[in-house]
Structure formats: structure tokens, C-alpha cells
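Dear colleague,

I am passing on the structure that we spoke about, and below it I have set down what was found in it. Please read the notes with the structure open beside you.

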Amino acid sequence: MKRALLLINIGTPEKPEREAVKKYLSEFLNDELVIDIPWLLRKILVNLIIVPFRTNKSTDLYKRLWTEDGSPLLVYQNKLVDKLNQRGDESGFTTYSAMRYGSPSIKDVLWEIDKSGCDELIVLPMYPQYATSTTLSTERAVNKMLKGMQNINKVRFVKQFYNHPDFIEAFVSKIRSYDYRNYDHILFSYHGLPDRQVNKLHPGVKSHTCSCHKEFPLHGKECYKATCYETTRLMAAQLGVDNNSYSVSFQSRLSNNWLSPFTDAMLESLLKKGKKKILVVAPSFVTDCLETIVEIGWEYESHFKSLGGEKLQLVESLNESDEWVQAIINITN
Ligand SMILES: C=CC1=C(C)c2cc3[nH]c(cc4nc(cc5[nH]c(cc1n2)c(C)c5CCC(=O)O)C(CCC(=O)O)=C4C)c(C)c3C=C
Ligand SMILES: [Fe+2]
């Protein structure tokens, strides 16, 4: 039995240049699970409005984000794969990296895994909290590409790990390294989703009126919002911080009909309450990327300071930390 572990994240442009960013955005946003509206409407909205209007702004952001080695999302994931492969004898699998959009593509990497004679595949979408636009989209893409494979005959998907003790502990250990008691407040900022996508998973229960911010609801197992709040409660309990010392918010919205409270509005409201030193944790991202480094670390930070805030510190993500390597081995075994 030869086993492979495939880590799949969202993807990033090949270069921080207009054409490459346009290609990436176009592939990403034309996914029917990402912009989940009728085909014709999606084609018009994505290709005639969102992509043409967003490409320049995104290109500027990617230019600022880019490092000598490339886009952080890809660089960190490659480092993580190297570390996991150093522990291959212990874990019992060879680890590979693919991206849902762009490269390395799921198709190319699956061919490579199949050619190596691997018969068992474990797929780890790099999203702690399940969402149709990320996890399900990844699962469908893998299943589609698996059709022509010769050797892979057993496939296992890790659906989510929002409450896995080793994931929680790996993040908590990062938070601890920031001397969190010296901040006025901890903000847990998650990637947002259209309300519509959250509501679809539990018809009859609206995300705005649900009580998942207080306790895990019965309908919650696949509810992105409920799992974000549960991840937060578990981390807060490990840190020993009380309910008044932290908040939850959602970032990266494309419209106002996305999960709220929004991170920018939350920061303003915290400032009004006299919270001038904020530690921001982003537990929907296991790898630092545009959304953590630029959006939180630079944009929210400068906005917060321009309003009179003293300090906004982003907690570095799990990236290729040893705790995360161990957590992945435990989550997937
Ligand atoms: C928790 C993970 C993520 C969810 C859920 C998610 C949903 C989602 N995202 C968009 C639109 C964009 N996301 C973009 C970047 C981006 N998104 C995630 C993760 C999740 N997205 C990551 C890790 C990244 C960073 C990639 C990188 O290169 O570093 C972008 C591109 C950047 C930009 O222009 O802002 C878009 C666009 C939608 C529409 C969506 C759910 C419907
Ligand atoms: Fe996103």
C-alpha cells in the first residue's frame, strides 16, 4: 500500500502582473460554487463587471505582497510539504501540494501521484471550516480529475478540522507567542461568505438570526458561521480568556450581503469602546496570504491607526510550523 497526502489551497496568480491576475480571478470567480448564481448572470457579472473592475486593484495588492520567492501562499505551502516529507517514514505518506485555481493544478499533481504507483490518496483541503465555495469545490474538482487514474483506488477527504484539538493547539501556541495578555482585545477575523451560501446549508435557519455565536447549534456541523464561532470558543477556552476579551468578525467581503459583523466595522466599534491595542487572529487561514498579510496586517492596521488606534498586531498563521506539521499528521491518520 503506497499512500499520498494532497494539500489543496485556493491558489494564487503565477505572477504579480495584470494578465496573470486576471487569469487567476477569472478561473476562481467563474466557479459555479464560488459565485453561485445562474450561469448567464454569473458570466455577465464575473466577466464583464467583477474581473475587469477588480484586476487592477488586485494586481497592485499582489505586487506589494510578492516576495523574492513568490506568493506567500505557495511559498509556505511548499515549505510545509518539504517538512511533511521529512517525516514521511513516520506518517506513512508522501505529501504533495496543489492549488484549486492556477498552479500546481489538481490535474497535474494527481497524474504525478498516480504515476508514482500510489493506491491510497488522502485529500486535505486547507480550510478548517467547511464551505461549499472552498471545500466542496475542491472535492468536486478532485473527483472529476480522478476519473482517468490507473492506480489510485482509495480516496479519503478531510471535510473539516475546525475543532480538531491539534489544530486548535497549534494556533493557540502561535497566539501565546504574542504575549496576548498585553492587548486590550483579541479579534478573531474569518474570511467572509455570502449570507446566501451559509443559509443554503440550513434551509429555514437564517445566519443573521441564528444563535451560533452563543452555542453550537444542532444544524451547525456544516454551517461555516457556526464552525467559525466554535473554533473561536475552543481557542478562547485554551487561552483562558473570558467572553468580554474577544470578538469575532468576517473580512474580505465582495458585497454587503456577506457574513457580519465585518472586521473593519468591528475594529471601529472596538476603538470607540477604548480598545486601542488589538491582537488579530485569522483562523480560517492556515497559511499567510494576501488576506492576512495585506488586508489585516497592512490595510486594517493603517485604517485602525488613522482612527486613533495604537497597535493592531496580526498573529502569524500556521504556515510551516512544527506544531502544524504534527497536527496534519494527526488529522489525516
Ligand atoms: C477560508 C477560506 C476562504 C473562503 C471561504 C473564501 C471564499 C471566497 N473568496 C472569494 C473571493 C476572493 N478570495 C480571494 C483570495 C483568497 N481567498 C482565500 C480563502 C478563502 N476564500 C485565500 C487564502 C485567498 C488569498 C490568495 C492569495 O493569493 O494569497 C480573492 C483574490 C484576491 C482579491 O482580489 O481580493 C478573491 C477575489 C469569494 C467570492 C468567496 C466565496 C464566495
Ligand atoms: Fe477568498
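In which loop does Trp66 lie? Trp66 sits in the loop between α2 and α3, where helices (H or I, at least four residues) and strands (E, at least two) are DSSP runs, numbered from the N terminus.

Before going further, please keep in mind that this is a predicted model, in which local features need pLDDT of at least 70 and side-chain atom pairs count only at pLDDT 80 or more, while totals for chains, interfaces and linings use all residues. Residues are numbered from 1 along each chain as its sequence is written, and chains are lettered from A and ligands numbered from 1 in the order in which they are written.

To return to Trp66, this residue is partly exposed, with 17 other C-beta atoms within 10 Å; a residue is called buried if 20 or more other C-beta atoms lie within 10 Å of its own, exposed if 12 or fewer, and partly exposed in between, with C-beta atoms placed from the backbone. Leaving aside residues up to four places away in sequence, Trp66 touches Pro16 and Ser71, a contact being counted if the C-beta atoms of two residues, placed from the backbone, lie within 7 Å. The C-alpha atoms of Trp66 and His213 are separated by 36 Å, and the two residues are 147 residues apart along the chain.

Lys57 lies in helix α2 and is exposed, with 10 other C-beta atoms within 10 Å. Between Lys57 and Arg18 there are 9.6 Å in space, C-alpha to C-alpha, although they are 39 residues apart in sequence.

As to the overall build, the chain has 12 helices and eight strands. Its radius of gyration is 20 Å, close to the 20 Å that the globule rule gives for 333 residues, so the chain is as compact as a globular protein of that length; the radius is taken over C-alpha atoms, and the rule is 2.2 Å times the number of residues to the power 0.38. Buried residues make up 42% of the 333 residues in the chain.

The domain assignment gives domain 1 (1–160) and domain 2 (165–314), with bounds that come from an automatic or database domain assignment, and the C-alpha centres of domain 1 and domain 2 lie 24 Å apart. Their contact takes 19 residues from domain 1 and 17 residues from domain 2. On the side of domain 1 that touches domain 2, the elements giving two or more residues are α2, α3 (72–86) and α6.

Ligand 1 is surrounded by 21 residues, of which the closest are Thr12, Ser58, His191, Cys289 and Leu290; here a residue is near if its C-beta atom, placed from the backbone, lies within 6 Å of the molecule. Both domain 1 and domain 2 give residues to this shell, so ligand 1 lies between them. At least two residues of the shell come from each of α2 (39–65), α6 (132–146) and α11 (290–306). By class the shell has 12 nonpolar, seven polar and two charged residues, where Ala, Val, Leu, Ile, Met, Phe, Trp, Tyr, Cys and Pro count as nonpolar, Asp, Glu, Lys and Arg as charged, and the others, Gly among them, as polar.

Among the strands, β7 (residues 277–281) has four of its five residues buried, so this strand is largely enclosed by the rest of the structure. Strand β5 (residues 185–191) pairs with β7 in the parallel sense over four bridges, strands being taken to pair if DSSP finds at least two bridges between them, and Ile186 has Leu279 in β7 as its bridge partner. Strands β7 and β8 (residues 311–314) also run parallel and are joined by four bridges, with Ile278 opposite Leu312 in β8. Strand β2 (residues 93–99) is mostly covered, six of its seven residues being buried, and seven bridges join β2 to strand β1 (residues 3–9), which run parallel.

Finally, some backbone details deserve a look. Most residues other than glycine have a negative phi, and most peptide bonds are trans. A cis peptide bond, with omega about 0°, joins Ser103 and Pro104, and another cis bond joins Ser260 and Pro261. Asp179, in the loop between α7 (165–176) and β5, has a positive phi near 55°.

With best wishes
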